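Here is a friendly briefing to read alongside your structure. Take a look at the model first, then work through the topics below.

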Number of protein chains: 2
Amino acid sequence: MTRWFQHATARTFFAALALGLSANAVRGDEGMWLFNRVPKELLKTKYGFEPTDQWLEHLRLSSVRFNSGGSGSFVSSRGLVMTNHHVGADALQKLSSAERDLLEEGFHAKREADELKCVDLELNVLVHIEDVTAKVNAAVKPGSSAADAFAARRAVINTIEEEQHQKTGLRSDVVTLYQGGEYHLYQFKKYTDVRLVFAPEQGIAFFGGDPDNFEYPRYCLDVCFFRVYEDGKPAKMEHFLKWSEAGAADDELTFVSGHPGSTSRLNTMAHLEYLRDLSLPQTMDVLRRREVMLTNFSERSLENARQAKDDLFGIQNSRKSELGGLAGLQDPVVMRQKRAEEESLRKAVAAKPDLQKKYGTAWDEVAGSLEHLKEFRRELSLFEFGAAFNTSLFGIARTLVRMAEEDTKPNAERLDGYTTAARESLEQGLYSEAPLYPDLEIAKLADSLAMLVEHLGPDHPLVAKVLAGQSPRERAAALIRGSRLIDVEERRKLAKAGQKGIESSDDPLIGLARLVDPRGRELRKRYEEQVEEPQRQAYAKVAAARFAVLGSGTYPDATFTLRLAFGPVKGYEEAGNQIPPWTQLGGTYAHAEAHGSEGQFQLPKRWLEGRDKLKASTPFNFVNTADIIGGNSGSPVVNRQAEVVGIIFDGNIQSLVSDYVYSDTQARAVSVHSSAIRETLRDLYGAKGLADELGQ
Amino acid sequence: MTRWFQHATARTFFAALALGLSANAVRGDEGMWLFNRVPKELLKTKYGFEPTDQWLEHLRLSSVRFNSGGSGSFVSSRGLVMTNHHVGADALQKLSSAERDLLEEGFHAKREADELKCVDLELNVLVHIEDVTAKVNAAVKPGSSAADAFAARRAVINTIEEEQHQKTGLRSDVVTLYQGGEYHLYQFKKYTDVRLVFAPEQGIAFFGGDPDNFEYPRYCLDVCFFRVYEDGKPAKMEHFLKWSEAGAADDELTFVSGHPGSTSRLNTMAHLEYLRDLSLPQTMDVLRRREVMLTNFSERSLENARQAKDDLFGIQNSRKSELGGLAGLQDPVVMRQKRAEEESLRKAVAAKPDLQKKYGTAWDEVAGSLEHLKEFRRELSLFEFGAAFNTSLFGIARTLVRMAEEDTKPNAERLDGYTTAARESLEQGLYSEAPLYPDLEIAKLADSLAMLVEHLGPDHPLVAKVLAGQSPRERAAALIRGSRLIDVEERRKLAKAGQKGIESSDDPLIGLARLVDPRGRELRKRYEEQVEEPQRQAYAKVAAARFAVLGSGTYPDATFTLRLAFGPVKGYEEAGNQIPPWTQLGGTYAHAEAHGSEGQFQLPKRWLEGRDKLKASTPFNFVNTADIIGGNSGSPVVNRQAEVVGIIFDGNIQSLVSDYVYSDTQARAVSVHSSAIRETLRDLYGAKGLADELGQ
């Protein structure tokens with residue numbers, strides 16, 4: 001399933017910014033709840049369970065956010081972190097080389113000394129939440145222009161983050177909830193010394209590959225383990241999750257603590273139609289072109305395939321997931337339901353003059369902002385969100401160019417990501433030793449430059465300057481081969497040299513970033529003032545209207561912040577067949593054989609040879625009704641005792657519409673079962689030490 | 001390389017109709033020459049070779065057109081036809097089933113009695129050519145409106161074809177050359193009883209798959225053999241090609257006789273820019289979405305993969321080839337050259353008042369027609385060219401609906417393809433017993449209906465009617481599962497029932513075709529009157545201007561009519577390396593190993609086990625400078641004695657720009673060598689009888 005990072009990439013690049021606000025009457029086990037707003041009454045009534053504050057705090061402090069995208073949890077007192085293999089894959093890819101392919105072969109550190117330090121992984125634990133809505137809103141003077149409002153809001157947010165960072169040393173982010181309805185300060189303990197402990201072969205972690213992705217029944221050991229270190233030693237954890245002996249039973253209530261990436265459930269109809277008719281189709285075209293390009297690159301040689309593997313996985317994953325979302329929006333049943341909800345809310349608002357006066361214009365304001373966006377969305381996505389320059393090296397060049405300029409401004413005025421408080425995380429990425437492969441970067445850049453020409457034409461003045469008289473392919477090769485940014489030392493040198501150094505640099509990628517930056521900033525400013533700020537204000541009204549009409553007690557759309565979801569283990573009916581909630585280890589082999597044991601259905605040698613070491617009846621994967629989405633990957637699934645019973649790794653195909661609506665008729669979250677994890681570690685991988693450490 | 005059919009599909013669907021007219025001074029071995037206009041002087045001067053009329057007639061009558069797309073030749077007195085495996089693949093796919101996969105396994109009929117009758121293959125031999133330009137032009141009154149001119153031209157063409165068909169019993173087509181500069185009557189002997197004799201495994205025919213497609217060096221046995229029958233017996237051939245004992249040597253002059261599909265070399269700049277900026281990018285998006293869709297479908301099961309194999313090959317092939325063409329148009333060097341040529345021609349025209357008066361407006365007229373096209377191209381491609389309804393079953397439904405209506409009109413007024421003369425060929429396709437797989441048809445239709453919604457929006461009145469309140473997926477399933485057209489008898493019944501039968505049919509696909517047809521016809525009429533006819537007239541002026549300024553002695557753009565190309569066997573330089581013109585059978589194994597012998601680089605068992613049976617030094621594939629393009633696949637390559645020295649199967653990556661410009665610096669045509677064909681048949685496949693029959 002979608003890792004948040006990829007999700008964010010597709011979303012951000014194509015300006016499919018999903019702004020919406022939750023005030024639905026929740027259905028079934030719907031809800032991605034804030035940890036400080038858990039629906040205790042509902043849980044008590046429906047399931048007879050009352051989580052205490054201590055229970056919630058323990059679960060929260062045992063939960064981990066992977067900034068590469070995804071979720072995880074602490075599962076031992078010695079800093080052991082469990083997540084999905086596909087969440088760890090980014091780190092595995094970066095630790096791999098032509099000689100050692102950790103994705104393909106897997107990894108197991110028998111002793112702590114053998115654990116491999118990751119290149120640029122940052123893990124966050126949410127240690128403190130504070131509502132700062134009043135403070136943020138007080139900074140915006142009533143009646144300000146959108147530009148002034150945006151600037152004032154940016155200033156107060158940057159300042160709060162900076163003060164809190166100074167005061168506590170913690171990563172401090174002001175997060176926007178209810179799309180502008182509330183602002184909360186989230187403070188994180190940060191781990192940057194993260195080491196790889198164990199990963200199975202990708203052949204079993206992602207068994208069935210793209211064809212099985214988002215399908216059920218499944219047979220995947222989509223799990224891997226890291227360990228966080230402090231001062232060169234395994235970190236001692238006060239909070240970590242115990243391991244359930246039995247795992248969850250049918251119908252047992254389970255909880256999911258993780259970081260759903262992004263939903264758009266409460267978008268206005270105009271906004272959903274914008275996504276359906278413009279934004280998502282374009283996103284799909286870009287994803288497909290990248291998939292085809294990366295597939296072609298991969299097929300040229302085995303080493304090419306290795307280099308592009310994680311990129312390709314991410315693209316295919318997004319393509320499948322976004323397509324499911326788009327199909328949902330193209331389903332008249334879904335749209336009728338959304339339309340009925342909006343009409344009933346608007347009718348209720350219109351019925352009360354005070355509500356109508358305060359909130360009645362909000363829907364048209366959202367629609368208006370989208371009309372503005374339509375005028376410049378293409379250039380925005382190409383130049384500012386980087387769709388035209390699909391290479392990490394351009395990202396690095398632009399970060400250097402922007403950092404030099406932003407550093408000359410007061411902290412309060414700086415762009416997102418360039419504030420003092422965000423500096424450490426920015427540098428963590430900028431100076432990453434992750435390997436980059438020139439041929440792959442050229443292929444990616446050439447394809448995206450060709451797209452730029454297709455979308456704006458070669459005679460567009462800035463496009464002509466970008467190409468400098470060359471074809472997209474020639475230009476891409478010249479830029480990548482001519483640049484020295486592949487060398488991390490060169491990046492440090494340029495960063496140190498400040499704005500003068502940037503201005504005088506003859507690195508062709510720095511030159512490109514300098515060339516594009518003014519137009520990028522102009523487009524971003526326009527976006528902030530004509531789209532982002534008006535939508536924030538409009539959606540705040542929609543939210544207030546919903547609260548007024550439908551009552552509060554609801555959850556905000558997903559924003560890659562920590563949430564609690566819940567629901568029982570439960571099968572479903574599909575095309576007249578009852579799909580049981582469980583699969584078993586033994587079924588893995590039958591599933592391989594049914595697909596000729598070829599390609600993505602080829603099991604790793606260890607699994608073929610070790611078949612007798614496994615109990616065929618051990619539960620392998622299972623489904624529950626918890627409300628999850630991309631970004632939840634790696635979330636622990638726990639029982640009432642907060643013991644691990646599984647780990648989320650996917651949603652089924654019916655769940656793909658949950659960007660827009662939750663349903664529990666057929667939609668399910670898919671997990672690896674805790675028993676399968678322990679048993680395979682111990683009996684198949686010879687990782688008894690690790691198996692014994694789980695939950696201890 | 002591209003088969004004409006796929007090429008035509010992509011082109012036609014997206015209205016990238018390439019109208020252009022040749023009057024360039026030819027470069028190197030440039031030229032796809034008409035058999036009645038072979039540049040004898042040039043051949044004599046440059047190569048000291050003078051083909052006689054008998055030589056040309058013999059070669060022409062030994063050449064075959066595959067109406068499924070591609071070229072071939074007669075290579076024995078008993079009607080043996082040689083073509084590429086990838087040209088025969090359509091027939092192989094249609095003869096395959098879940099139990100017998102001829103693409104995968106190959107086929108060899110040891111005796112004539114074992115030869116397999118193809119489902120719907122039609123082969124044509126060009127027996128007569130006549131220039132009817134004067135007659136066609138005389139029918140169009142000067143000063144007529146575009147609509148009247150188009151109707152008059154259609155009437156005279158339909159009438160000539162009908163008369164000639166009646167008179168001779170031959171398939172009689174009036175072909176448009178020089179995009180309206182000339183009209184020739186082409187008469188074909190037709191073979192419809194065509195039987196499969198031999199095909200190797202696709203694993204060696206298309207060794208290296210999509211990654212190696214359009215690359216060089218290559219190692220492919222891209223060949224297969226059919227036999228034409230008359231009255232239930234192998235046809236006795238007066239004309240067939242002898243087999244060369246040695247094959248061609250380095251630098252030896254060779255000839256290619258085949259059917260290049262479509263080029264756009266002499267398009268105006270406005271037309272090239274239209275292709276670059278609108279038509280080709282959209283074509284690419286559609287090809288990529290179909291590639292991804294078919295890949296996903298294929299990966300679900302081995303049987304799915306088998307069902308979609310030939311479709312997927314065609315799409316990938318087009319995608320790679322069109323991308324190469326687009327990259328050429330995005331190359332400023334290419335466009336500068338094209339612009340300079342156009343400017344120089346227009347300057348020469350402007351310098352002479354009589355030329356300026358007669359032809360000076362032509363370029364603006366082409367540009368004007370494209371401005372019209374921009375307004376309705378999307379709907380045209382979706383509704384009339386069928387891009388919204390990507391299933392053969394819709395094609396069948398629409399043919400039935402149109403046939404019923406066209407049959408009520410006088411022959412002279414009927415649409416292309418629905419005239420009396422074309423009836424046999426139309427029915428050959430309509431009543432084809434080619435297997436259709438509901439799940440595959442649903443997947444294809446669902447994806448194209450989703451594209452329809454994306455492009456026009458679900459609220460477009462006709463789109464809403466097409467979907468009938470369902471999502472694209474539901475609607476596609478309902479249409480395919482509800483239709484009886486998969487049964488050929490049902491098609492015959494409906495055809496027999498005429499317009500009344502069509503009107504009262506409750507078949508949902510007939511209903512859909514009825515629903516869409518009026519709008520389709522409207523769009524087609526608009527296309528004919530605002531684009532096709534004006535371009536035909538304008539390009540006729542451009543052609544005349546070229547003749548006036550640059551002299552005649554040139555060749556028309558490719559139109560899937562028989563052409564002669566030539567050039568020596570010759571290597572080339574690439575990135576500082578000298579690429580030799582030959583590969584050898586032994587190199588095949590090294591090439592497999594370099595790619596891990598995996599996936600598309602996995603050799604068939606027979607090749608792995610039979611390695612010792614082959615001489616490592618036998619030439620396998622080779623390149624020459626002949627001017628070819630998609631549609632030439634399967635063309636015989638012959639020496640001065642008109643003996644087979646090879647068979648064209650591809651062009652290298654540098655040749656992909658040859659839709660727009662010919663070059664012989666690096667661009668090369670790629671062939672299988674005659675020696676490799678005979679040796680592998682005899683020594684590896686145990687097909688001694690067939691090997692001995694070659695050329696006899």
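Pro217(B) sits in the loop that runs between α9 and β11 (224-230) of chain B; helices (H or I, at least four residues) and strands (E, at least two) are DSSP runs, numbered from the N terminus. This is a predicted model, in which local features need pLDDT of at least 70 and side-chain atom pairs count only at pLDDT 80 or more, while totals for chains, interfaces and linings use all residues. Residues are numbered from 1 along each chain as its sequence is written, chains are lettered from A and ligands numbered from 1 in the order in which they are written, and side-chain values use heavy atoms, with hydrogens and water left out.

- The peptide bond from Tyr216(B) to Pro217(B) is cis, with omega near 0°.
- In chain A, a cis peptide bond joins Tyr216(A) and Pro217(A), with omega about 0°, and Pro217(A) lies in the loop between α9 (209-212) and β11 (224-230).
- Most residues other than glycine have a negative phi, and most peptide bonds are trans.
- Ser597(A), although not a glycine, has a positive phi of about 50°; its place is the loop between α22 (587-594) and α23 (605-609) of chain A.
- With a relative accessible area of 33%, Ser597(A) is partly exposed (buried means under 20% relative accessible area, exposed over 50%, partly exposed in between, with a 1.4 Å probe and protein chains only).
- Phe560(B) is not a glycine either, yet has a positive phi of about 60°; Phe560(B) is found in the loop between α21 and β15 (563-568) of chain B and is buried at 6%.

**How the two chains relate**

- The same surface serves both copies, as 100% of the contact residues of chain B recur in chain A (contact means heavy atoms within 4.5 Å).

- Strand β8 (residues 171-177) of chain A is mostly covered, with six of its seven residues buried.
- β8(A) pairs with strand β9 (residues 182-191) of chain A in the antiparallel sense over seven bridges; two strands pair if DSSP finds at least two bridges between them.
- Val174(A) stands opposite Leu185(A) in β9(A).
- Four residues separate β8(A) and β9(A) in this hairpin, and Tyr178(A) in the turn has a positive phi of about 45°.
- Helix α4 (residues 85-95) of chain A has ten of its eleven residues buried, so it is largely enclosed by the rest of the structure.
- Among the buried residues of α4(A) are His85(A), His86(A) and Asp90(A).

- Leu123(B) lies in strand β7 (residues 123-131) of chain B and counts as buried at 0% relative accessibility.
- Leaving out residues up to four places away in sequence, Leu123(B) touches residues including Val64(B), Phe66(B), Tyr191(B) and Val228(B).
- Pro534(B) lies in helix α21 (residues 508-550) of chain B and, at 21% relative accessibility, counts as partly exposed.
- Pro534(B) touches Ser369(B), Glu528(B) and Glu529(B), not counting residues up to four places away in sequence.
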